[in-house]
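Please keep the sequence and the coordinates at hand while reading.

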Number of protein chains: 2
Amino acid sequence: MLRFLLPVTLACSVSIAHAQQHEDSATLRKLADDVLTHSTAYANLKVLTKEIGGRLAGSPQMPKAEQWGFKALKAAGADTVYLQECMVPHWVRGDKEEVRIISKRRDFVPPLQVLALGNSIGSGPEGITAPVIEVASFADLEAKKDQVKGKIVFYNYHFNATFIKTFHAYGDAFMYRAAGASRAAKYGALAVIVRSMSHAANNFPHTGAMRYNDSFPKIPAVAIGLEDADKLSNRISDDKDMKIYFRTTCHFLSDTIGHNVIGELKGSEEPGQVITVGGHLDSWDVNEGAHDDGTGCVQSIEVLRAFKALGIRPKHTLRVVLFANEENGTRGGQKYADAAKAAGEKHIFALESDAGGFTPRGFSFTASPEQRAKVKSWAKLLLPYGLYDFDEEGGGTDVGPLNEHLGIPIGELSPDSQRYFDIHHAQSDVFEAVNKRELELGAFSMAALLYLIDEHGL
Amino acid sequence: MLRFLLPVTLACSVSIAHAQQHEDSATLRKLADDVLTHSTAYANLKVLTKEIGGRLAGSPQMPKAEQWGFKALKAAGADTVYLQECMVPHWVRGDKEEVRIISKRRDFVPPLQVLALGNSIGSGPEGITAPVIEVASFADLEAKKDQVKGKIVFYNYHFNATFIKTFHAYGDAFMYRAAGASRAAKYGALAVIVRSMSHAANNFPHTGAMRYNDSFPKIPAVAIGLEDADKLSNRISDDKDMKIYFRTTCHFLSDTIGHNVIGELKGSEEPGQVITVGGHLDSWDVNEGAHDDGTGCVQSIEVLRAFKALGIRPKHTLRVVLFANEENGTRGGQKYADAAKAAGEKHIFALESDAGGFTPRGFSFTASPEQRAKVKSWAKLLLPYGLYDFDEEGGGTDVGPLNEHLGIPIGELSPDSQRYFDIHHAQSDVFEAVNKRELELGAFSMAALLYLIDEHGL
C-alpha cells in the first residue's frame, strides 16, 4: 500500500504548503497596508528627536527617552512594559572643542570644524600647541614613526568611495577612529586628528567611539570635517612652520544607572520562547539621533503595534527592546544577554535595526547555513517589497551578545546604505533627514521577517 | 568522430563564456570605480540647477540649458556634438496663482498653496468666484454630476500609500491631473482644484501637465498642496456657504524653436548602428529640475565620459540625447524618433533616466521575452551593484517614440522610488535633494547595462 499512499501524502503536503504560502502572502500584504497607512513610527520619531533630542548615556535626556519609550510601547499595545536596570558609562563633551592653525602668516584661518571622539580624554584646560604630522594610513604612520614624538598626528585616511555598500567603507576606515590615538601615542604623539568617516559633501565632523590601549599613554582625539581635512592637508604641505592649538575638555564621570526599556506581546503557544526586536535608545550628544538610532527604536515599536492592531498574536513572545547604551559602550545589549542567560530564557531569534531608517533592501544575519536557507525559502514572499539581499554577514551590536552568549541566530535590517555616512554621528542626523515611507517600509520589513520566523521557526 | 568532438567543443565554449563573464565583471568594476571617484555628474548638475535653474520649453533658460548640454558633452569627450532643431510648446505661468476661501466667517484663512497645471488656460484677469464641490474620485463626480454646474470642482483623490513602488500610485492618480478639468467641464464646472500627486509631509503643490478634451469647454486648473487639501476638505464640510476665489493667468504663446542636444561616441565596428541614452533637458518652471530630469541628463553624459575615460570604445555608436521637451509635450522624443526613421537609421536599444537620481534598483523595459531573458542572463554581474529588478514594464516618455515608430527595445533606469513624489514637479526638486553617490550609482548602472548590450547585443 505504501507506494499508493505516498503520492497522496505528497499531494496533500504540496497543497498545504501552497495554502500556507498564500496565507503568508496575504498576512504580509495586510502588514504592509497597515504600516503604510496607520504607522505611528514617524510621529513617535518626531517626539523622540525634536522634544528630547540627543541622548547620550548618562545625559539628562536619557531618563526622558526611557519614559518616552515606556509610553510609546504602552500606546502600541504591549501586554507588559518594564525597565531593565543597566549601568552605563557617563562621558561628557565639556566645552566646545577648539582646534586652530597657528601660523606666522597673516592670513585668517577659521577654527577647524572638529568634534572630540567619544570616550576620549581632554587635552587639559590650557590645550596643546604642537607641530602636526599628516599620515595617510597606519602603514604611513609606521614609516614615519621617528617623526611623531611631540607632535599632533593627523590621520587623513579617505573613506573609500568604491565600496558599493557604504558599511564596507566604514569597516575599512573604522580603525583610524577606534585605535588611531593609541597607535600614535605609542610613538610619542600628543593628540590625534582623524578625518571623518563619511562621503558627505559638507564640513560636519563625525564623532564616534574610540578606545584606548592601556599599554600606551592616553592622548586626546578629535574627528575633523572633510573640507577642513583637505584644507589642513594643503596647509601642511604649504606652511612648514605651522602648529596646531588643540583643546578639548571631555572626560568621564562615574558610571550611572540607565535602563533597557522592554515591551512584550506574550506568545500564544510558546510564551516562554522569545523573539527579540530592537534598536538603541541612546545617541550621540551632537545631533537628534534620528537615523542612529531613533529609527530603529520606532520601527521596533511599530512591529508590535502592527501585530497588535491586526490581531496577529505571535506564537512565541515578541519582545521589543530599546537598548540603553550602544554608542560609547554596549552595556545595553550585554545586560540583556546576561539577564537572559541568568534566567535560562529560551530565545529563537533576535533582530536589530541600527543601520538607518532608509528604504530596506534585505537583512544581514549571523546564522547557520540551514537558517539562511530557510530565510531564502521566503524570498518570493519578500521580493514584492523590494527585499532581496539576505547574504550579508551581520547582526548588529546590541543583539550580538545574545549570539555570543546564547548561540542564537541574529539579524539586522539592511537599508539602502548610500546616505547613512552623510549623517552618521554628525550634527546632520536629524528628524528631517528621515523619510516617512522609507522608515515605514523598514518597519514593515522587520514585521514581515519576524512573522515568518514566528510562524515557521528558523 | 562527432561524439568525441562535441564535448571538446562544449568545454571550449563554456571556457570562452567563463572568460567573457570574467572580462565583463572586470569591466563593470572598472566602470564603477571610475564613476564613484571621477564622475562629473554631480558638478554638472550643480551648474544646470543652480546657475540655470527651471527651464521650461520656450523659457529664457531653455537656450542656456542647451548651451550647457553642448559644452558638457564636449567636455565629456564626445566625438561630435550637435543640435537637432525641434519645435516646442511655449506655455507661461503668468502671475502668481491666487486661490482663496471666501467666507462670511471672520477667521483669517491664508491663500491656498496652489500651482496652475501645465498647459491649462487662465481664469481671466478678474478671476472666478464660485461655490466649491468636493469629489473623491471620478465615480463620485458622476454621482454628483447634477450638482457641478457653475461650481469649482475639488478632486480630493488621495495618493495611494499602499503601493510599494510609488510610480504605481502615480499611475493610479494621474488621470485626475491629466483629465480632471475636461471631465468636470462636461458637467458645467468653472474650474478645478486637484489634490497633489504626492506622499510629501508638507504643503508644496505639485504641478504637471494636463490635457483638454476638445469636446468640452476649457476651464482653468490648479494643483493644491496636501495640507491645504485637507484644510479645504474640512472647511467644505463645515462651512456650507463658502466660496472660492480662483485666479490664474497662465496661457500659451506660439510654439518656438528648441533643440535636442546630441553627443556621440562613434562605434568601432558598427558605427551605423545606434545605442541611445538620454534624459530630458526641460523642467517645470517652479523648481530647479534636479531629479526631474537634471539627473537623467548628467547621468547620460556621465556614461559617455566614463566610456571615454576608460578607453571603452563601443562597437555601436553611443548617442547621448538631451531631449528638448518632455514635461508639457513630448516633442523632443517625437522629433528624435521621426528624424531617425526619416534617415533610415538602425537602432539597437534606447535607455532613459527620468525617474529620479536615487539609488538604482534595476531597469524597466519594453522588450520581447527573449530580450528580457538576455538581460536576466547578466543578473549575476549586476547584483553586486544592488541591481536586481528587471521585470517592470516601462521605458520612458522620451524613448517611447523610438519603440512605437521603429519597434526597437527601450528601457529606463529604475531608481528607488520612495522619495520621488515628495519632490516631483514641486518647488522642492532642487540640487540639495540629490545625493552624490546615489546619482553616481545610477550613472554607473546605465553604463553597465549599455556596455553589456553593446558587447553582447540584445
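A residue is called buried when its relative accessible area is under 20%, exposed when over 50%, and partly exposed in between, with a 1.4 Å probe and protein chains only. Helices (H or I, at least four residues) and strands (E, at least two) are DSSP runs, numbered from the N terminus. This is a predicted model, in which local features need pLDDT of at least 70 and side-chain atom pairs count only at pLDDT 80 or more, while totals for chains, interfaces and linings use all residues. Residues are numbered from 1 along each chain as its sequence is written, chains are lettered from A and ligands numbered from 1 in the order in which they are written, and side-chain values use heavy atoms, with hydrogens and water left out.

Strand 13 of chain A, residues 360–366, is mostly covered, since six of its seven residues are buried. Two strands are said to pair if DSSP finds at least two bridges between them. By that rule, strand 13 of chain A pairs with strand 14 (residues 410–415) of chain A in the antiparallel sense, over six bridges.

Strand 7 of chain A can be read face by face. In a regular strand the side chains alternate between the two faces of the sheet. Strand 7 of chain A, residues 221–224, has both faces covered: A:Ala221 and A:Ala223 are buried on one side, and A:Val222 and A:Ile224 are buried on the other. Which strands pair with strand 7 of chain A, and in what sense? Strand 3 (residues 114–116) of chain A runs antiparallel to strand 7 of chain A and is joined to it by three bridges. Here A:Ala116 has A:Val222 as its bridge partner. Strand 6 (residues 191–195) of chain A pairs with strand 7 of chain A in the parallel sense, over four bridges. In this pairing A:Ile224 is the bridge partner of A:Arg195.

Contact here means heavy atoms within 4.5 Å. B:Glu264 belongs to strand 9 (residues 251–265) of chain B. Is B:Glu264 buried or exposed? B:Glu264 has a relative accessible area of 9%, so it counts as buried. Leaving aside residues up to four places away in sequence, B:Glu264 touches B:Ala78, B:Asp79, B:Thr80, B:Tyr82, B:Leu304, B:Thr317, B:Leu318 and B:Arg319.

B:Leu56 sits in the loop between helix 2 (41–52) and helix 3 (61–76) of chain B. B:Leu56 is buried because its relative accessibility is 3%. With residues up to four places away in sequence again left out, B:Leu56 touches B:Met62, B:Trp91, B:Ser283, B:Trp284, B:Asp285 and B:Asn328. The C-alpha atoms of B:Leu56 and B:Asp285 are 5.5 Å apart, although 229 residues separate the two along the chain.

Some backbone angles call for a separate look. Most residues other than glycine have a negative phi, and most peptide bonds are trans. In chain A, a cis peptide bond links A:Asp292 to A:Asp293, with omega about 0 degrees, and A:Asp293 is in helix 7 (residues 290–309) of chain A. In chain B, B:Asp292 and B:Asp293 are joined by a cis peptide bond with omega about 5 degrees, and B:Asp293 is in helix 7 (residues 290–309) of chain B. A:His425 is not a glycine, yet its phi is positive, at about 65 degrees. A:His425 is in the loop between helix 12 (420–423) and helix 13 (436–456) of chain A, and its relative accessible area of 4% makes it buried. B:His425 likewise has a positive phi, near 65 degrees, and is buried at a relative accessible area of 3%.

The last topic is the interface. How many residues of chain B are in contact with chain A? The count is 28 residues of chain B against 28 residues of chain A. Buried area is the accessible area (1.4 Å probe) that two parts lose on being put together, summed over both. Between chain B and chain A it is about 2400 Å², and carbon and sulfur atoms give 56% of this. B:Ile164, B:Gln418 and B:Arg437 supply 27% of the area that chain B buries against chain A, more than any other three residues.

A salt bridge is a side-chain nitrogen of Lys or Arg within 4 Å of a carboxyl oxygen of Asp or Glu. The rule finds two salt bridges across the interface of chain B and chain A. One salt bridge is formed by B:Arg419 and A:Glu438, whose closest N and O atoms are 3.0 Å apart. Helix 1 (2–38), strand 13 (360–366) and helix 13 (436–456) of chain B each supply at least two residues of the side that touches chain A. Helix 1 of chain B gives the most to that side, with four residues.
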